[in-house]
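Subject: Structure for your review

Dear colleague,

I am handing over the structure below, followed by an account of what was found in it. Please read the notes with the coordinates open beside them.

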Amino acid sequence: MVRVVHSNLPGRGRFNVEGLQGSPALKDWLENKLVKQYGMLRASANTVTGNILVQFDPQKDHETIRNVIKYVTSRKPGQDAGRPRPIESTLTLVKKKAAVPEKTKLQDDQTLFALKQKVKQVLSPIRPQPIEKWHTLTVEQVQVSVNSRLDLGISLKQFQNRIKRYGPNALPESKPRSRWEIFAGQFVSLPTALLGAAAGVSLLTGGLVDAVIIMGVVVANAGIGYATENEAEKTIQSLKQAVHPSAEVIREGRLQKIPVEDVVVGDVLVLKPGTYVGADSRIVQADRLSIDESALTGESMPVYKKPTVLRLENMPVADRVNMIFRGTLVTGGEGLAIVVATGAYTEIGRLQLLLDNTSRPESPMERQLRVMGNQLVIVSGGICGIVFVMGFLRGYGFLQMLRMGISLAAAAVPEGLPAAATINFALGIRKMRQHNVLVRHLQAIETLGSVQTVCLDKTGTITENRMTVVTCYVDFQRFHITEHHFATEQGPFPPLENREIEKLASVLALCNESVIIGRNADSTYELKGSPTENALVHFAIRAGIDVSGLREGYPLEKVNYRAENRLYMSTLHKTPKGGRKLAVKGSPAGVLELCGWHMVNGRRVVLKEAKRLKIETQNERMAGESLRVLGVACAESETDTALEDLEGQLTWIGLVGMVDPIREGVAELIQAFHGAGIETVMITGDQSPTAYAVAEKLKLSRNDRLAILDSMEFTSVQPDVMEALVRKVHVFSRVTPAHKLQIVQALQGAGRTVAMTGDGINDAPALKAADLAIAMGHGGTDVAREVADVVLEDDNLETLIIAVSNGRNTYKNIRKSVHFFLSTNLSEIMVMFSAMAMGIGFPLNVMQLLWINIISDIFPGLALSMGEPDPDVLKEPPRDPDAPLFGKNDYKEMAYESGIISAATMGAYGVGIGVYGMGAKATSLAFQSLTFGQLLHAVSCRSESRGIFSKNRPPSNPYLNVAIGGSLALQVMTMVVPGLRQLLGVTPLNLFDVAVIGGSSVLPLVINETRKERKSKVGNEK
């Protein structure tokens, strides 16, 4: 059985395969066989979860891919399975596009890559980098090969030579479109081809002036399209400079923090949780080092690394446990690695070269509009063909009808339709930048409008991440801490008089990564570190501890970082007497499990079960007060004892409680989300009582009972049960990075479009999996910003609702523009078709059709996309991301509006025939009525529900006012300027004619707006 797990993204899906869990043979079979199927780009299976991640041609749907996997799975492995062979490199699993023949092999890719490098070498002074089977070399061989030392790294002179020889550590980028390419692209479309055909026919039949005018229309359209697309392209290209990750390296024996672009071959990378891996490197030291390699392999589970030498030369990238690769993330542990490849020579760089993407991929909406435009050309072409046949049968000349049919078809199809999404997305990005919201991908604008669930990380997102220690619990007594003193219920007291508090403060000062930079004028200390670490150092300083002197007396030997299955941090120190001291802090439950002793009046005594229960009760009480609680313990040995041996004999010291204030405005933001129909979920590593208290303050459950789920309760829950469970849960507590990922995927499996907020390394896997990743720009880590789709530059969470509003409004503006394009262009077809069917001649000539195409289409359509947000946009539920841009009812509505405009125009044409007979006079009335009617229809398209005659009018749109005003002025010129009248075949008009034109132009607006108002009242009553 094959089940779809995640299908929200086109061209990418996760499927659960029965029998895959725990079966390496089936994993190999699927990965090797699936990529040989037509349209498949990459496949990566996980024997732990039983899921397989597949990348495929976006034109294919997920159900088709599920059937392909089902077919491949049903074919039992035969001789292939009996003869195991290495899985091919990840590079071979990604093919260039559907157009590339599937016979392309790894050798062909390597040949192409080598050829490109030779061409680059000829054209550029940059030299090729040395290429070795780095995973097969020993650490000593790697150091010799890259001329680097593990303890010193490289020298400044070596760096300068290598950056000059190999170039900066930058990934190859697709070349942005030049201005000429953007302009030339305006002529590559079916509507433009139709106009060109019309010009050619005019030229062949002697209509030189007509041909020149038609080509003028083509150039004018191209000029307008170029101006808007060039501006959009600039906005898109500016997104590439959004994030600048950094790296820590050892150079000349010193630890330095440098931009990733300055990393060169031979640099020694320092790896710890939160590190963004900036270059392909060979592991030389590793202590429980785990790496998230999903950027390359697609697998969400971290990979544990070790410096072991691997013997198999052709070992797949995913199995090279002694290598780390650019674009991956350190999720736990620590280590050192020597850089062996940068820039285009990294695995991800080679991948980009092999893909050879020279153009930005279309968003789903852009693709939908392009397909819609092509379909309109076919449909309108068919209708115009019927008009041509009817006119020809009625006795009109062949060439005359050919010109008329081609011109009508070109005028009926909106040229700006495919570009509507790009332009609107670019405008949306620009608006959001004004609110310090950085959107890194155009598709994110589209997703913002359809978010159904927001997962909010508590620390640093909901809260300010400005920790302060306010209480501690030692020797089974609670102490309260203020800025100036320590106190009990009886009053203040000197903290150093209590040996347990002194011990607690000392351990927290040692088991800490904050660095004391200096002392400020107000006697406060300037620290460099995380908010939690800084708060603990400040606590130690307030307790009277000389932190600098303590650290000098107990030099640090080793750090063991908090990991996925290790919810505490420990540090090992030398003691002044030559022994060892182990300092530990972390989850109270996790630390307490390691302890067999506790402190009483400065003495070490056995920790009995009753005392253990008392500590657990106090921990629950402090957590229930919205405090973040840490447990603290230590162990000492007079001999050179190993770290692992000391961990079994820890002495419990106490609890420390910190407060992290909720960000101002977050409670109101949660209510705004609820009002917009968006569910909110809080995810935190804190204990359940702490999480519950914060969620209650924020009213996460609205008026329902708050549902909270501890991670310990769902680790063994089946995926289908989890998907049903997440629909009802408001808070997830004590979660790990893997749990966050599991929660996001479960919500997606339940059919929700999920946005995830975060600021740290522990949020990165869930951020990458979410439909929309939102990171904090100021307080967040490089890793979180690197994987994010949206960055809140000033960490103001309130701007998130503004981003959602803009995302929805961008979608609405696209609908408005396209609605206007389709309804007005359809009216031109209706007018010409009905006149021809009734045998009453041509209401419009070729030049008038082309004129309408410029005046009533382009400027009002673009202006509609620049309107202000609809006041009710956040009162509506999120849209279905899989729903088409328009449904059947929408098309019926457009057809009705077009019918009213067409009927009014035919009425004016009929009056002209009745008064003046068939000819230029009647045609002039039809031309003016249709053009003015279409321009006024743009006013009606400002809102789908708010009428201009109602009290709740649509928001004003000054751009539309200017566009309509300018277009109306140009249209009036066709009545009064003799040369323009002659060009368009328009006759002078009298007052009676103006009255007929005015009535037939305004009447459709009145009818359509009145009908809209009536439908709105009916909807409100329901």
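The protein exposes about 44000 Å², of which carbon and sulfur atoms supply 56%, with accessible areas taken from the Shrake-Rupley method with a 1.4 Å probe and, for residues, only the protein chains shown counting as cover. This is a predicted model, in which local features need pLDDT of at least 70 and side-chain atom pairs count only at pLDDT 80 or more, while totals for chains, interfaces and linings use all residues. Residues are numbered from 1 along each chain as its sequence is written, and side-chain values use heavy atoms, with hydrogens and water left out.

Of the 1022 residues in the protein, 54% are buried, where buried means under 20% relative accessible area, exposed over 50% and partly exposed in between (1.4 Å probe, protein chains only). The secondary structure comes to 36 helices and 32 strands, these being DSSP runs numbered from the N terminus (helices H or I, at least four residues; strands E, at least two). Among contacts (heavy atoms within 4.5 Å) between residues at least 6 apart in sequence, 72% join residues at least 24 apart.

Two packed helices are described by the angle between their axes and the distance between the axes; here the axes are lines fitted to C-alpha atoms, for helices over the stretch in contact, and angles run from 0 to 180 degrees between N-to-C directions.

Helix H17 (residues 499–510) packs on helix H18 (residues 531–542) at an angle of about 140 degrees, with the axes 9 Å apart. That angle makes H17 oblique to H18, since angles under 35 degrees count as roughly parallel, over 145 as roughly antiparallel, 65 to 115 as roughly perpendicular and the rest as oblique. H17 passes H18 in a left-handed crossing, a term that applies if the near helix is turned anticlockwise from the far one by less than a right angle, with right-handed used if clockwise. On the H17 side Leu504, Ala505, Leu508 and Ala509 take part, and they meet Leu536, Phe539 and Ala540 of H18. By class, this contact of H17 with H18 has seven nonpolar, no polar and no charged residues (Ala, Val, Leu, Ile, Met, Phe, Trp, Tyr, Cys and Pro count as nonpolar, Asp, Glu, Lys and Arg as charged, and the others, Gly among them, as polar).

Leucine 504, which lies in H17, counts as buried at 0% relative accessibility. Not counting residues up to four places away in sequence, leucine 504 touches Cys472, Val474, Phe539, Val632, Ile653, Gly654 and Leu655. Leucine 504 is also 79 residues from alanine 583 in sequence, with the two 9.9 Å apart in space, C-alpha to C-alpha.

The second pair is helix H23 (residues 666–675) with helix H30 (residues 799–838), which pack at about 20 degrees with their axes 9 Å apart, and that makes H23 roughly parallel to H30. Their contact is made by Leu669, Ala672 and Phe673 of H23 and by Leu800, Ile801 and Val804 of H30.

Histidine 435 counts as partly exposed, at 35% relative accessibility.

Most residues other than glycine have a negative phi. Serine 626, however, has a phi near 65 degrees; its place is in the loop between helix H21 (609–623) and strand E25 (628–637), and serine 626 is buried, with a relative accessible area of 13%. Arginine 734 has a phi near 50 degrees, likewise a positive value in a residue other than glycine, and counts as partly exposed at 33% relative accessibility.

With kind regards
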